[in-house]
Amino acid sequence: MADWEVVIGLEIHAQLATHTKIFSGSATAYGAPPNTQASLVDLAYPGVLPVLNAEAVRMAAKFGLAIGATVATRSIFARKNYFYPDLPKGYQISQYEHPIVSRGTLTVMLEDGVTKTIGVTRAHLEEDAGKSLHEGLAHASGIDLNRAGTPLLEIVSEPDMRSAKEAVAYMKKIHTLVRYLEICDGNMQEGSFRCDANVSVRPRGQETFGTRAEIKNLNSFRFVEKAIHYEVARQIELIESGGKVIQETRLYDSDKDETRPMRSKEEANDYRYFPDPDLLPVEIDETFIAAVRATLPELPDDKAARFVRDLGLSAYDAGVLSASRELGAYFEAVVAALGAAHAKLAANWVMGDLSSALNRDNLEITAARVPPEALSAMLRRIVDATISGKIAKDVFEAMWTEGRSADEIIEAKGLRQITDAGAIDGVIDAVIAANPKQLADYRAGKDKLFGFFVGQVMKATGGKANPAQLNDLLKAKLGASGDAPNA
Amino acid sequence: MLHNLTLGELADRLADGRISSVELTRHFLARIERLNPALNALITLTAETALQSAAAADLRLAAGERAPLLGIPLIHKDIFCTDGIRTSCGSRMLDNFIAPYDATVVARLKSAGAVMLGKANMDEFAMGSSNETSYYGPVKNPWDLKKVPGGSSGGSAAAMAARLAAYTTGTDTGGSIRQPAALTGVTGLKPTYGRVSRYGMIAYASSLDQAGVFARSAADAARVLKVIAGFDPLDSTSVDEPVPDYPALLEGPLTGLRIGILREFFDGLDARNASLIHEALKVYGSLGATTVEVSLPHLPLSVPAYYVVAPAEASSNLSRFDGVRFGYRCADPRDLSDLYERSRGEGFGIEVKRRIMTGTYVLSTGYFDAYYLKAQRVRRLITDDFRAAFEKVDLLIGPTTPTPAFDIGANIEDPVTMYLNDIYTVSANLAGLPGMSLPCGFIEGLPMGLQLLGPHFSEGQLLRAAHQFQTATDWHTHAPRGYE
């Protein structure tokens, strides 16, 4: 059996977050009643003409600068001609030979901590089509043109990815980036961020690419991974059983977890691209590019590097905390209040209990029930030993559900840590007295029983005994395990 | 008679109250009622709204408002969208199409107080040189009802020649204003590409289409151009250049004006046609202009280049007519492809289909480079030829058409002969230049046109040269018999 190498390239469609469409003044808001956001231009009425939305150009340029690409001073819109009811003009306005962005790169971090650089061939501006509606209509299809003319940035990668995991890592990175840049809301359920995957396999060591299949319209990271897995297995099985992969477009069916042919190359449209005579070439100058550059935020890689350098986080933690601008901002707000010395503690809590609570309640970080100031006030109580890390979990839960401050909860529930050695000693004495058998066993060498005594003391103090202190005092009282009884 | 007055004279009479806009409108409506049935120059008559607009114009006049076109009736080519009024583009495809908005040209004239009498017949989707491809039947030439008026703006030209309105609008993609103006003995002006907005003008070939005007004289055309010209934010290809006061530029001697005679336009030219042009050149000589022979070596390639570029763009522009959202839809479509095939098959006429197929072919993989790209290269060469010529001369002169108006039916089965009618006009569209056609005499009783071409945005100079010619001659005042 041959050793197969997988080759993947992605075409990501990111809907640009402009308020109006790319060639008309219609609103782009999602979810409006059908055809209420379709103007005469979107409906392709006779005589209407497209007028380019400058904001879409700015956003595309911003993306280009963020991936170190060439932002073309002259790019050209072309018409891609084909008939479909949701394509009102009978052609899609896109960029073909002269895209606005070309030759960029993106570095992704894989799960094993290895980084890989993926080439971005190009990114071009185009308009989205409308939607066909089939539900609730007998013997007819409906057309909703609200989405027609929504600006898209199509980001085309080089065939640089060698596994489904790499493809997902790349897609996630682009997802992070477009949201950082505030050029796309990244909402995959609403289709604001979706991708087509070009997948092929070849015997390892072979230079030329195998024949690829293009899997269309994948709108979740999980589907991208599963669809690629399925497609790779299908192609390998096909080749190994003597068949040949044909170049075709396939659809991924998430219910059945399989890809199915949509149309083959032979059936593919001849799109008859030609420059759109209704639109002038897009000409932008260095001043424009400099102005766009000035609006670039700190990019995720730079932020992660800063977290490692200035806050001493691990590369992994830094990567997680810089994965979205909002999460990074939350974390930095906590650190700002708590002090950089405790950044690791802050990181653990943001990535741990906070993230779990957000996931559980299906909330965005911006809607966290515990704001960063409140979390840092709570962490301050761990730092000053008012509460233990364990008690802190309960305090956090109470803060999340009750909305009160950490101090209020600590006071109200009497959760303040017991740090009075005398008080802890008293409890230890009582516990030892009540458990003579365990004491004997411990002293006979069953050192695991140390934990039993810790648990008993914690139980008796309601978990409030300072763990470190308890540890020291208990050791002193019990003596080392295996010691001869000295009492 | 009112219908022979210039726009300036009409404006004066409206201003001093000698006539009202309603009277003037009734006068033209009566002429249309009497004369149009034989001509078929109009697809849609809008008498009622015309009288309402006229009454509104009279109120503005009574309130003391004075504007060059206020209260004066016109006819729009049926390619311009008119809010609430059928805009057919000469096609069955849009026979039922009520435009929901005004084209920029229409809107500008409307706010200037112009009174629209109706919509003029035209070749289907502006594809034709004889007005025989219209779904609404051919337009007759008022000079001889057996003859074509030219196309595609044949209805606008015939209506102008028959004095059915004070002026009419048209569009010129390959000669569709200048050629019918020549064949009907009226003044036609095709402005620089981008001078007048294309918004609301149903597209044939977007990179070539330009709106313009038919008038009885260059002076009248100048008045109309001043209103319709100018940047339009709704048309990205309209140019943000100031609009000169064209009527103020008409006077002034032509001393020192350098006129280029295009050698290629005279190769094989009919002797009678050539002699009319040479007579015109003598007039220009007497007005102080000098003449120089110039050559545009790539000019003979303009017709083939045009018939690649224009159909290519048309094939894409006309894709929106799919029976889904507006326009003709076939009865009882079985499925989607049946809907497309029969709606388009039944809705479009033969010349439109021919150009859609030609255009689809030249854009197809494997043919794109050989046809479309090559034609675009030719286009650049022609543009460069003109640029070089305009370094030596101020304007170019030649015939507008090779022959006078031909018989209805004579060329319709022979597209190539028909296309060669555009031989002297298409180059200006390929290069985006402004051009005019002026009446300059007759061959066998049929009017002929003198074509003037100028550099980009030289409309002021073109209009002055045309006006001075019309001051020295009276060809433009001749009316066909029965239409005086």
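This is a predicted model: local features need pLDDT of at least 70, side-chain atom pairs count only at pLDDT 80 or more; totals for chains, interfaces and linings use all residues.

Reader: Okay, what domains does the assignment give for chain A?

Author: The assignment lists domain 1 (4–291), domain 2 (300–412) and domain 3 (421–478) for chain A.

Reader: How far apart are the C-alpha centres of domain 2 and domain 3 of chain A?

Author: Those centres in chain A are 32 Å apart. In the contact between them, domain 2 of chain A puts in four residues and domain 3 of chain A also puts in four residues.

Reader: And what classes are the residues on the domain 2 side of chain A?

Author: On the side of domain 2 of chain A that touches domain 3 of chain A, two are nonpolar, one is polar and one is charged.

Reader: Let's switch to helices. At what angle do the axes of H9 and H10 of chain A cross?

Author: Helix H9 (residues 372–383) and helix H10 (residues 389–402) of chain A have axes that cross at roughly 155° and come within 10 Å. Because of that angle, H9(A) counts as roughly antiparallel to H10(A).

Reader: Is the crossing of H9(A) and H10(A) left-handed or right-handed?

Author: H9(A) passes H10(A) in a right-handed crossing.

Reader: Which residues meet there?

Author: From H9(A) you have A:Ala374, A:Met378 and A:Ile382, and they meet A:Gly389, A:Ala392, A:Val395, A:Phe396 and A:Met399 of H10(A). By class, this H9(A)–H10(A) contact has seven nonpolar residues, one polar and no charged ones.

Reader: Now the two chains. How many residues does each put into the contact?

Author: Chain B contributes 34 residues and chain A contributes 24 residues.

Reader: Which helices of chain B supply at least two residues each?

Author: On the side of chain B that touches chain A, those are helix H10 (302–317), helix H11 (336–347) and helix H12 (350–363) of chain B. H10(B) gives the most to that side, with three residues.

Reader: Last topic, chain B overall. How many helices and strands are there?

Author: Chain B has 16 helices and 11 strands. Its C-alpha atoms fill a box of roughly 65 × 55 × 45 Å along the principal axes.

Reader: What radius of gyration does chain B have, and how does that sit with a compact globule?

Author: Chain B has 21 Å, which agrees with the value near 23 Å that a compact globule of 484 residues would have.

Notes:
Residues are numbered from 1 along each chain as its sequence is written. Chains are lettered from A and ligands numbered from 1 in the order in which they are written. Domain bounds come from an automatic or database domain assignment. Two residues are in contact if their C-beta atoms, placed from the backbone, lie within 7 Å. Ala, Val, Leu, Ile, Met, Phe, Trp, Tyr, Cys and Pro count as nonpolar, Asp, Glu, Lys and Arg as charged, and the others, Gly among them, as polar. Helices (H or I, at least four residues) and strands (E, at least two) are DSSP runs, numbered from the N terminus. Axes are lines fitted to C-alpha atoms, for helices over the stretch in contact, and angles run from 0 to 180 degrees between N-to-C directions. Angles under 35 degrees count as roughly parallel, over 145 as roughly antiparallel, 65 to 115 as roughly perpendicular and the rest as oblique. A crossing is left-handed if the near helix is turned anticlockwise from the far one by less than a right angle, and right-handed if clockwise. The radius of gyration is taken over C-alpha atoms; the globule rule is 2.2 Å times the number of residues to the power 0.38.
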